[in-house]
Amino acid sequence: RVEASGLRYPADFDWHPVTGDLWIVDSGVVEPAIGVEGLPDELNLVIPGADYGFPVCEDCEQPSVTFPHQSTPTGIAFYPGDAFPNLADDLIVALNGSWTTPEPRGYALAAAVFDEAGQPDGLVRRIAPASQYSTYFFDPLEQFSLSGRGFFPQHPFDVVVSSEGWIYLSVQEGRILRFRPKVR
């Protein structure tokens, strides 16, 4: 049976550890011309029978969280661990990066923040590359990427969480990176 339709590029999905709701990331339409702004990338709650609007839908489900056009979310995992307590029950998102925008978008590991009721509150924080957590990371990340720091030009691809609560990230160029708390 078809659970949902109208998803352009449903790259990955995961179930919320508390509510059991199924969440999915989806990319907006890639515009062929460089510099053309398109639809944002999305995080959607999967509702059985829902239509998410691709290619055209008059009365579609609205995304719960949006990411910049062509940041390209490709991997997600809810964070159930306690190694990073400020990420508890948030959704970790690998942003693969842009391909045709004049400045890089994505190229990051981010967290879509969920509240105590298991619903996203609309905030997205950059986890990496960063030495500190930051909110509304999209504009500063472009400059960060262009300066040669961070993941750019490597493309984060998927993310998993180990039983210790460490975060593992694969990059499209053939590496696995591990994030763990600082040892004091």
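**Exercise 1: Overall make-up**

The protein chain contains one helix and 14 strands, where helices (H or I, at least four residues) and strands (E, at least two) are DSSP runs numbered from the N terminus. This is a predicted model, in which local features need pLDDT of at least 70, side-chain atom pairs count only at pLDDT 80 or more, and totals for chains, interfaces and linings use all residues. Residues are numbered from 1 along each chain as its sequence is written, and side-chain values use heavy atoms, with hydrogens and water left out.

Task: State what percentage of the residues in the protein chain is buried.

Solution: Buried means under 20% relative accessible area (1.4 Å probe, protein chains only). Of the 184 residues in the protein chain, 46% are buried.

**Exercise 2: The nonpolar cores**

Task: Identify the residues with the most contacts inside the largest nonpolar core.

Solution: A nonpolar core is a set of buried Ala, Val, Leu, Ile, Met, Phe, Trp, Tyr and Cys residues joined through side-chain atoms within 4.5 Å. The largest has 15 residues, and those with the most contacts inside it are Leu 87, Ile 92, Leu 109, Ile 127, Val 159 and Ile 167. Two or more residues of this core come from each of β8 (91–95), β9 (108–114), β10 (120–128) and β13 (167–171). A second, separate core of 14 residues includes Trp 23, Leu 43, Phe 78 and Leu 91.

**Exercise 3: A strand pair**

Task: Describe how β13 is joined to β14.

Solution: Strands pair if DSSP finds at least two bridges between them. Here β13 and β14 (residues 175–179) run antiparallel and are joined by five bridges. Val 171 has Arg 175 in β14 as its bridge partner. The two strands, β13 and β14, form a hairpin with three residues between them, and Gly 174 in the turn has a positive phi of about 100°.

Terms used
Buried < 20%, exposed > 50% of the residue type's maximum accessible area, 1.4 Å probe, protein only.
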